[in-house]
Amino acid sequence: MDQVRPAAPQLQGVEPYDPKYIPADVMISANENPSDVPLEIRREIEHAVRKVKLNRYPDPLANDLRDMIAEANGLDRDQVLVGNGGDELLFDMALAWGGPGRKFLNVPPTFSVYAYNARILNTEVVEVPRRDDYSIDVDAVCDRLAQGDIDYAIFCSPNNPTGNLLTGAEIDRILKASDALVMVDEAYFEFSRSTVRPSLTRHENLIILRTFSKAFSLAGVRMGYLLGSERVLREFKKVRLPYSVDAVSQAVARVVYANRAQFETGIEQIIEQRARVIDGLGALQGVKVFPSSANYVLFRLPADIDAAQVWQRLLDAGVLVRDFSRTPSLENCLRVSIGSPEENTRFLTTLKGILT
Ligand code: PMP
C-alpha cells in the first residue's frame, strides 16, 4: 500500500493546535511565571529527583501528592485527581463527558482548547457568547442549560484571554440550572485570590481545575489537578492514561507544593506589576485595556492600527506577545503576560515607540 485512508471525519479541516510559541528575548505570550523556581527549592528538588527509581513505573494516581492537595483544600484523596498539566484533565473531561451525540456548552471568547477538544472528539459545541465586556450572560447560560441536553460546560475564571472573573453567586445559579458537569477552570486563580471552592460542597456537578504551571513556575514540568466529587472523578479515572504523570514530575511537584508559601512574594509582584502594565497601556492614545484578575492583560488597539502588524513589530524588537486579532469578538486585540519589572518596561516602551 502506498496510501493511507483518511483519519476520522471530524478531523477534516482541523488545524493542529498551535500555541504560537516563538523564541524571543522577552517571552510574554504564554502566561508563564517570569521567575523560575527559587534556588533553595530547586536544590530540594534535585535531592528528591535523585531518589526516584527510574526503572519502576510511577504511582499511577500520585497518591502522596493527592494527599497534600486534598489536605490543603479540606478534601479527601478521592476528591482530587492529578494530570499531565491541566491540559490532560481538560482532554479527559471531553473524553468522559463528550463524544458523538453529546453536547458541550462554551462561552466564547475563552480558552480555545475547550472547543478544540470537543470538536476532535465529535462533540457538538453549543455557544452562549459573552457580552461586550466579556462578562458571562448568566441568564442566557441558565436558559440554555434548562433545555436539559447539555452534557458538560466549562467556565474559565479568571477567563483566558479576557482576564475577568465568574462570581460565586453566578456559578451557584448556573449549577442549580442543570445536572450537566460544570468545570470552573481556575488555572490563574492565585492571581485573583478568588475561588469557587465553597460551592464544591453544595454541588456534585462542579469540578475545579488548577495548575502548577502559572503561580508555581512549573509550566515545564506538566502538573495540573482537579477538585471534585469522588463519583465524578471515578469517571475521569476510566479514561485517563494510567501513567500520565511521571515519577519525576510527581517528585518535583511534591517539593514545590510543600514549599508553596514561598511563591507568595512572586505572586504579589505579578499582581503589582499587572496594575503597572494596565496603567501603562491605558496611557497610550486610543488603546482600550480590559480589567484583569490574572497574570495577563488583554488590550485592543485603535481601529486605524492593525494589531497583527503591531504584534510583528513587537516580535521584531524581541518582544513576544499573543495575537488574538483574528479571533471572533477579540478583533484588534493582543494579550500580554505579566513579566519581570524589566520585561514589562521593555514591553511598554517598545509598544509606545511603535504606536507614536
Ligand atoms: N486552562 C487555561 C485557561 C490555561 O490558560 C491553561 C494554560 N495555557 C491551562 C488550562 C492548561 O495549563 P497546563 O496544561 O499548563 O496545566
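How much space lies in the second largest pocket? In this predicted model, the second largest pocket holds about 400 Å³ of space.

**The pocket**

The lining of the second largest pocket is made up of 25 residues. Those that lie nearest its centre are Asn33, Ser35, Asp36, Val37 and Ser217. Helix α1 (residues 39-50) gives the largest share of the lining, three residues. Both domain 1 (9-37 + 263-355) and domain 2 (39-261) contribute residues to the lining, so the second largest pocket lies between them. By residue class, the lining divides as follows.

| Class of lining residue, second largest pocket | Residues |
|---|---|
| Nonpolar | 11 residues |
| Polar | nine residues |

An open sheet is formed by seven strands, with mixed pairing and the order β2-β8-β7-β6-β5-β3-β4. The edges are taken by β2 (80-83) and β4 (124-127); each has a single partner strand, so one side of each is left without a neighbour in the sheet. From one strand to the next, the twist averages 25 degrees. Strands of a sheet pair through backbone hydrogen bonds, in either a parallel or an antiparallel way.

Strand β5 (residues 152-156) and strand β6 (residues 181-185) run parallel and are joined by five bridges. Within this pair, Ala153 has Val182 in β6 as its bridge partner.

Which strands does helix α5 lie across? Helix α5 (residues 138-146) lies across β3 (103-106), β4 and β5. The helix runs at about 170 degrees to β3.

Terms used. Residues numbered from 1 in each chain as written. Predicted model: local features only at pLDDT ≥ 70, side-chain atom pairs only at ≥ 80, totals over all residues. Heavy atoms only, no water. 1 Å grid on protein atoms, 1.4 Å probe; cavity = no way out; pocket = protein on both sides within 12 Å on 5 of 7 lines; lining within 4 Å. Points joined across faces, edges and corners; volume = space filled by probe spheres on them. Helix = DSSP H or I, 4+ residues; strand = E, 2+ residues; numbered from the N terminus. Nonpolar A, V, L, I, M, F, W, Y, C, P; charged D, E, K, R; others polar. Domains from an automatic or database assignment. Pairing = 2+ DSSP bridges. Axes fitted to C-alpha atoms, helices over the stretch in contact; angles between N-to-C directions. Contact = heavy atoms within 4.5 Å.
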